[in-house]
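Here is a friendly note to read beside the structure. Please keep the viewer open and look for each point as you go.

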Amino acid sequence: MDITPRDPRPTTPDTVPPPSPKVQEALDARDALARALSHAGIELPAMDIRTPWVDVREGEPRYALVQLGVCSAPVAHALADVIRLGAVR
């Protein structure tokens, strides 16, 4: 059982460290994908990024993943249609 006390201070923009380059890359990719999907009329509200683990030597994530999340069947069909149309070009 972990009995380490939590820091009672709230996290504010001044106390949050800037994202690592890998995390920033994933954030930028997530945002670009969200804009492209929005332009096509599709929204994936659960889209986020995940960092699998921190590199012990570097103290930051080796990489970050864009997690698309779950979606309804109609959204999945709309996404498939957009991809199919884009693949035709």
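**Notes on the model**

1. Let us begin with helix α2, residues 73–88. Its 16 residues reach 23 Å from the first C-alpha to the last, close to the 22 Å expected at 1.5 Å a residue; the expected span is 1.5 Å times one less than the number of residues. Helices here are DSSP runs of H or I with at least four residues, strands are runs of E with at least two, and both are numbered from the N terminus. The number of buried residues in α2 is one, so this helix lies largely in the open. Buried means under 20% relative accessible area, exposed means over 50%, and partly exposed is in between (1.4 Å probe, protein chains only).

2. A word on what you are looking at. This is a predicted model, in which local features need pLDDT of at least 70 and side-chain atom pairs count only at pLDDT 80 or more, while totals for chains, interfaces and linings use all residues. Residues are numbered from 1 along each chain as its sequence is written, and side-chain values use heavy atoms, with hydrogens and water left out.

3. How confident is the predictor? The mean pLDDT (the predictor's confidence in each residue, from 0 to 100) is 82 for the protein, and 76% of its residues reach 70 or more. Where pLDDT is low, the predicted coordinates should not be read in detail.

4. Now turn to helix α1. Its 19 residues should span 27 Å at 1.5 Å a residue, and its end C-alpha atoms are 27 Å apart, which agrees. The buried residues of α1 are Val23, Ala26, Arg30 and Leu37. They cover an arc of only 60° around the axis, which puts them on the same side of α1; the arc is taken from the directions from the helix axis to the C-beta atoms. These buried residues pack against β1 (48–50), β3 (60–61), β4 and α2. The face turned away carries the exposed residues Pro21, Glu25, Arg35 and His39.

5. Which residues does Ala26 touch? Leaving aside neighbours within four places in sequence, Ala26 is in contact (heavy atoms within 4.5 Å) with Ile49, Ala64 and Val66. Ala26 has a relative accessible area of 4%.

6. Next, find the largest nonpolar core, which has five residues: Leu37, Ile42, Leu44, Met47 and Leu79. Such a core is a set of buried Ala, Val, Leu, Ile, Met, Phe, Trp, Tyr and Cys residues joined through side-chain atoms within 4.5 Å. Beyond its neighbours within four places in sequence, Leu79 is in contact with Leu37 and Ile42.

7. Finally, the charges. Side chains of opposite charge can pair when their charged atoms come close. The structure holds four salt bridges, each a side-chain nitrogen of Lys or Arg within 4 Å of a carboxyl oxygen of Asp or Glu. One of them joins Arg30 and Asp31 (3.0 Å, N to O), and another joins Asp48 and Arg50 (2.9 Å, N to O). In α2, Asp81 and Arg84 are three residues apart, about one helical turn, and form a salt bridge whose closest N and O atoms are 2.4 Å apart. Salt bridges that share partners join Arg30, Asp31, Asp48 and Arg50 into one network.
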